[in-house]
Amino acid sequence: MVEYSAIDVSVEDDVGTLTFDRPEKKNAMNPRLLEEMGDALGDLRDEVHVLVVTGAGDAFNAGMDFDEYFEAARAAGPLAVREANRLHKRALVRLYEFPAPTVAKVNGWALGGGYMAMSLCDLAIGSEDAKLGLSEINFGIAAGGGTMWSVAHTMNRRDALYYTMTGEPFTCAEAVEMGVINEAVPASELDGRVDGLVDRLRQKDRFALEYTRHYYDKVVEMDFPEAHDYELAKGEEMKYLQGYEFLDRGVSGFTQDRYRPGAGEDYPDDE
Ligand code: ACO
């Protein structure tokens with residue numbers, strides 16, 4: 001396993017965990033963290049069935065590092081700023097495009113770019129008192145660099161403009177009301193709830209999970225006839241990758257009366 005200094009990466013069975021690991025700086029993203037995050041996501045993409053993203057200490061991620069991203073890059077000149085932005089885009093795009101389901105375990109502050117990292121994950125479970133926020137306006141800029149896209153894809157217009165214009169933080173419990181977080185639980189239950197969700201996802205076919213997310217993100221902008229064609233064509237690609245296993249196990253398991261998928265049951269594991 002590669003040694004990192006600003007993140008921690010572990011893989012147990014087929015579950016990966018990427019932990020932002022600068023707790024003394026509330027896990028703020030400096031160029032090193034972004035480079036390591038991009039590298040790790042590239043290395044893990046074919047390795048894991050589910051990826052959990054979380055933070056060390058009492059923060060999930062406090063956004064871009066004020067000293068090492070904004071100040072230091074400016075002092076080093078335009079090319080350094082461009083390089084820092086390249087590392088930022090690479091890391092966040094790799095998170096968004098990660099093939100396996102990504103679950104944000106929101107253990108504490110998720111601010112600015114940290115909010116973006118949380119929202120680019122497919123699912124998010126938070127500790128109910130953990131706070132999120134779009135604080136950019138509080139120090140004089142508009143939420144940008146991908147953050148507004150992530151806000152627009154997790155909040156309705158009223159909430160998006162309210163929180164990006166006021167910079168008020170809000171709790172994970174409030175974020176559930178807005179549909180930003182799937183579920184908020186007491187801090188003591190966070191690990192157990194995320195582990196339970198991860199176990200549930202591990203029962204599902206990895207290609208079916210990948211294509212579910214992929215379909216959603218593509219078809220949401222299409223009209224229905226176009227989406228119908230797209231899903232049919234992409235579905236054949238998925239079935240080819242799976243070796244048509246859904247027919248041998250999923251469909252025939254039901255026709256042989258062995259399980260009830262409509263009642264939330266997974267097809268029986270014959271191994
Ligand atoms: N960049 C650099 N250092 C940071 C950041 C950050 N984004 N956030 C926290 N830190 C550092 C603090 O400077 C402090 O370091 P120090 O001990 O060396 O002085 C340490 O983390 C602990 O932070 P405190 O401020 O002492 O902790 P507190 O619990 O009082 O407050 C809070 C936490 C609310 C997160 C506060 O640190 C804060 O407002 N941080 C800025 C977060 C932010 O606005 N992020 C958005 C950035 S913009 C963007 O992402 C596009």
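Modeller: The answer below begins with the source, then describes the patch and its helices. This is a predicted model, in which local features need pLDDT of at least 70 and side-chain atom pairs count only at pLDDT 80 or more, while totals for chains, interfaces and linings use all residues. Residues are numbered from 1 along each chain as its sequence is written, and side-chain values use heavy atoms, without hydrogens and water.

Tyr240, Leu241, Tyr244, Phe246, Leu247 and Val251 together make a nonpolar surface patch of about 560 Å² (residues with over 30% relative accessible area and no salt bridge, nonpolar side chains being joined within 5 Å and like charges within 9 Å; areas by the Shrake-Rupley method with a 1.4 Å probe; a salt bridge is a side-chain nitrogen of Lys or Arg within 4 Å of a carboxyl oxygen of Asp or Glu). Two elements each give two or more residues to this patch: α10 (224–242) and α11 (245–255) (helices are DSSP runs of H or I, at least four residues). The largest share, 3 residues, comes from α11.

Phe246 is found in helix α11. Phe246 counts as partly exposed because its relative accessibility is 30% (buried is under 20%, exposed over 50%, partly exposed in between).

Helix α10 also gives two or more residues to the lining of the largest pocket (on a 1 Å grid, an open set of points where a 1.4 Å probe fits, with protein on both sides within 12 Å along at least five of seven lines; lining residues have an atom within 4 Å of a point).

Key
Buried < 20%, exposed > 50% of the residue type's maximum accessible area, 1.4 Å probe, protein only.
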